[in-house]
Amino acid sequence: MPRKKPFSVKQKKKQLQDKRERKRGLQDGLRSSSNSRSGSRERREEQTDTSDGESVTHHIRRLNQQPSQALGSRGYDPNRYRLHFERDSREEVERRKRAAREQVLQPISAELLVLDIWEVYQPGSVLDFPRRPPWSYEMSKEQLMSQEERSFQEYLGKIYGAYTSEKLSYFEHNLETWRQLWRVLEMSDIVLLITDIRHPVVNFPPALYEYVTGELGLALVLVLNKVDLAPPALVVAWKHYFHQHYPQLHIVLFTSFPRDPRTPQDPSSVLKKSRRRGRGWTRALGPEQLLRACEAITAGKVDLSSWREKIARDVAGATWGNGSGEEEEEEDGPAVLVEQQTDSAMEPAGPTREHYKDGVVTIGCVGFPNVGKSSLINGLVGRKVVSVSRTPGHTRYFQTYFLTPSVKLCDCPGLIFPSLLPRQLQVLAGVYPIAQIQEPYTAVGYLASRVPVQALLHLRHPEAEDPSAEHPWCAWDICEAWAEKRGYKTAKAARNDVYRAANSLLRLALDGRLSLCFQPPGYSEQKGTWESHPETMELVVLQGRVGPAGDEEEEEEEELSSSCEEEGEEDRDADEEGEGDEDTPTSAPGSSLAARNPYALLGEDEC
Ligand SMILES: Nc1nc2c(ncn2[C@@H]2O[C@H](COP(=O)(O)OP(=O)(O)OP(=O)(O)O)[C@@H](O)[C@H]2O)c(=O)[nH]1
């Protein structure tokens, strides 16, 4: 019998650790390395980068884990494109929790709601996005993959070599997601960069602008989306800001859920959720503008008359989908949604790019998570063809859809580019799945320093005996007061559930019910000019024209007891939004709730 090899304690420990990891991997429903390009790395909690001879270790947190039952049933790994972020260290989380309990919140003046794109992205620095390294047909698939891995690790190494983790924003560490961007850019004739109008600078990486308009020589359309959530004057000011600094952009204003900015709303609307009924997706504002931009770009090389006819039909009410929630057969377009989750779909395109192949224009929709890419596609089509969710990272692989026989739309998963944005602001911008945040309190503090949350929600300070007396507030107090008001209790000790309250507040901000809008430099000084700008008037009229009529939307008040959220509020943002059963933000510009908000920009003097 062969003698057993001696085994050190250290080796034994390592063996056990590996075994545990393997087991955990299986429970997580992760695929075996043979099916995954990232291979065994997928199961590790750490990534090690060795560029520059230095070892840079990134502790990665993987979000949006899918249940293992989903594995394999449709022939692909649902966890392959999960969000991968650098994990906040335990010390950092503890430090932030302490700060949330101790730091008294100071209101921040309107001037500081300015976001400077140069500070956020430092154009020309290593805060770039990863590119597909050069390749040739002689390379095997494995060679190609490992070259991409290496180049990605070098990219990460450069960023971590230049900035400390504390300075860096959350950004995507999953190479698979970047591969999706590469593929979408290779396929596209026109690139749509979709941004949220409340903070378009957050969603506008200048490196992408340079790459698309310069290196690729493609047209870039900037979509300022969700314009229903900002005052029209601010929307127009942002439009001009981007025109001035990025002259090659085509800019389109869009909202999938228009509402009339002139209609005053009940201040208590912050606690109401509205359900969309009636024509739903067919009311989107912006398809006509987008068509005009595409007509200008294609300059007659593609026949877009079928798109123009479709818009005319939508406007006339004879739409492809009547918005009743029932799917309709399409009259003149193949109703094909192609899910591109296969490896072959992800392989690089040939070196020569054929524009407008077969007389079809391919429009790639890219942008950060949660900016409304999928909603925009639904809004263009006029019915739900791709699913929409509050959870960032919901779209996991790119999908294509023929809007008309000559117009192909391509929906890319949300991408988080590296920047120097505070992580709290990223959370409020919907980049991080709220239900999975380790420490939500400082993000609440960030919000409450800029929006008078206590006043808007009529919160009573937890230590206040006399409610009329002034009390200094910290972020924790706000969460505690909201838990008290909503009746959120912990299951074990029936104490105020502060974590749940913090999540709930962040969701109100994300939905636009607590409004936090940033402004371009110089906006406050020229506010009057923007308010009387002809384009502002035009936008008001346009939104009023397509905004929902009274019978198409109804509002429901959420009860102030925890029982109304028995489903588990932690999971609410994970739900896919269904047609006709959708929470929509109710704090539109001009709402009196917003009007009482001295820090946020919404309708300060509109009511
Ligand atoms: N108020 C308002 N909300 C919108 C609009 N468009 C999308 N939303 C909401 O924003 C959230 C995200 O929308 P999606 O269309 O799923 O966003 P996405 O960019 O595809 O997100 P990922 O799948 O994470 O990449 C959902 O809660 C939508 O209801 C809009 O025009 N106005």
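**Strands, loops and burial**

Reply: Strand E5 (residues 219-225) and strand E6 (residues 250-253) run parallel and are joined by four bridges, where strands pair if DSSP finds at least two bridges between them. Helices (H or I, at least four residues) and strands (E, at least two) are DSSP runs, numbered from the N terminus. This is a predicted model, in which local features need pLDDT of at least 70 and side-chain atom pairs count only at pLDDT 80 or more, while totals for chains, interfaces and linings use all residues. Residues are numbered from 1 along each chain as its sequence is written.

Me: Which residue in E6 stands opposite Leu222?

Reply: The bridges between E5 and E6 belong to a parallel arrangement. Within it, the residue of E6 opposite Leu222 is Ile251.

Me: Is Lys226 buried or exposed?

Reply: Lys226 lies in the loop between E5 and H7, and has a positive phi of about 60 degrees although it is not a glycine. A residue is buried if 20 or more other C-beta atoms, placed from the backbone, lie within 10 Å of its own, exposed if 12 or fewer, and partly exposed in between. Because Lys226 has 26 C-beta neighbours inside 10 Å, it counts as buried.

Me: How many C-beta neighbours inside 10 Å does Asn370 have?

Reply: Asn370 is found in the loop between strand E9 (361-367) and helix H11 (373-381), and its phi, near 70 degrees, is positive in a residue other than glycine. Asn370 counts as buried because its C-beta neighbours inside 10 Å number 27.
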